[in-house]
Amino acid sequence: MYNSGMNVLPCDFYLPSAPDVARNLLGMILVREIGGQRVSGRIIEAEAYNGEADLACHARSGKTDRNAVMYGPPGRAYVYFTYGMHWCLNAVTGAEGSPAAVLIRALQPLEGLEIIARNRPGVAEKDWTNGPAKLCRALEIDRAMYGAVMCSDASSLRIEPGEPVSDAQVIVSPRVGIQYAPEPWLSMPWRFRTLPE
């Protein structure tokens, strides 16, 4: 168990570089409270986007209305809409003013399975939360969660301590879905996944 001394990961957990935070988020627990009920999953895949210099990052062209939260304090939720249909969740990392974030790409569902099933009708359980848009649908994460303080016990969207994952259980590879980015950014090894059980 990550010893934060709190029920949530503290805000300074998110202060290191985005690649370090992405690696360390593996095994931690994403929690969403819906109607007073906990819906949660263990983070099993995360991907780092590391500031304006990273040409795959949403901050590559500077601060906009869309990415403004990335320039704020760490531990906030950067939720964005993509392909005209999908929401995706990121945890803001690094010092305030240095825009970086970690995309939460996949979860292992733990709690609130009936709510997840309701939100993912007709979808096999193994596919409920195995993608960034899928987990947002499953946990009802959308624009309303933009800027949520995920390092606060009072937040309805937060990340709690879990079981750290050993390096032997981690797959490191380039990020996916960023064909627009030139090298070296296209091949940066900033995607982190736990080995399947």
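One convention before we start: when I say contact or touch, I mean heavy atoms within 4.5 Å. With that, look at Arg175: skipping its neighbours within four places in sequence, it is in contact with Glu47, Ala48, Tyr49, Asp54, Ala56, Trp185, Leu186, Met188, Trp190 and Arg191.

Some housekeeping. This is a predicted model, so local features need pLDDT of at least 70 and side-chain atom pairs count only at pLDDT 80 or more, while totals for chains, interfaces and linings use all residues. Residues are numbered from 1 along each chain as its sequence is written, and side-chain values use heavy atoms, with hydrogens and water left out.

Now the layout. The protein chain has 3 helices and 8 strands; these are DSSP runs, H or I of at least four residues for helices and E of at least two for strands, numbered from the N terminus. Reading from the N terminus, the order is α-β-β-β-β-β-α-α-β-β-β.

How does the radius of gyration of the protein chain fit a compact globule? For 197 residues, such a globule would have a value near 16 Å, and the protein chain comes out at 15 Å, which agrees. That radius is taken over C-alpha atoms, and the globule rule is 2.2 Å times the number of residues to the power 0.38. The C-alpha trace spans about 40 × 40 × 35 Å along its principal axes.

Of the contacts in the protein chain with a separation of 6 or more, 62% are between residues 24 or more positions apart. The accessible surface is about 8800 Å², and carbon and sulfur atoms hold 53% of that; areas are Shrake-Rupley with a 1.4 Å probe, and for residues only the protein chains shown count as cover.

On to burial. Buried is under 20% relative accessible area, exposed is over 50%, and partly exposed is in between, with a 1.4 Å probe and protein chains only. Of the 197 residues, 52% count as buried.

Then there's the core. A nonpolar core here is a set of buried Ala, Val, Leu, Ile, Met, Phe, Trp, Tyr and Cys residues joined through side-chain atoms within 4.5 Å. The largest one has 59 residues, and Leu25, Leu30 and Leu89 have the most contacts inside it. Strand β5, residues 100-111, gives the largest share of this core, with 6 residues.

The buried ones are Ala18, Pro19, Val21, Ala22, Arg23 and Leu25. Among the elements covering them are β2 (37-49), β4 (86-93), β5 and β8 (191-194). After α1 comes Gly27, with a positive phi near 90°.

Next, the loop between β7 and β8, which is where Arg175 lies. At 5% relative accessibility, Arg175 counts as buried. Its C-alpha is 15 Å from that of Ala100, 75 residues away along the chain. Trp185 is found in the β7-β8 loop as well, and at 18% relative accessibility Trp185 also counts as buried. Beyond four places in sequence, Trp185 touches Ala53, Asp54, Leu55, Ala56, Arg175, Ile178 and Trp190. Pro184 lies in that loop too, and the peptide bond joining Glu183 and Pro184 is cis, with omega about 5°.

Last stop, the end of α3. Ala138 lies in that helix and, at 0% relative accessibility, counts as buried. Which residues does Ala138 touch, not counting those up to four places away? They are Ile116, Asn119, Arg120, Trp128 and Thr129. Then Glu140, in the loop between α3 (132-138) and β6, has a positive phi of about 55° although it is not a glycine. Glu140 is partly exposed, with a relative accessible area of 28%.
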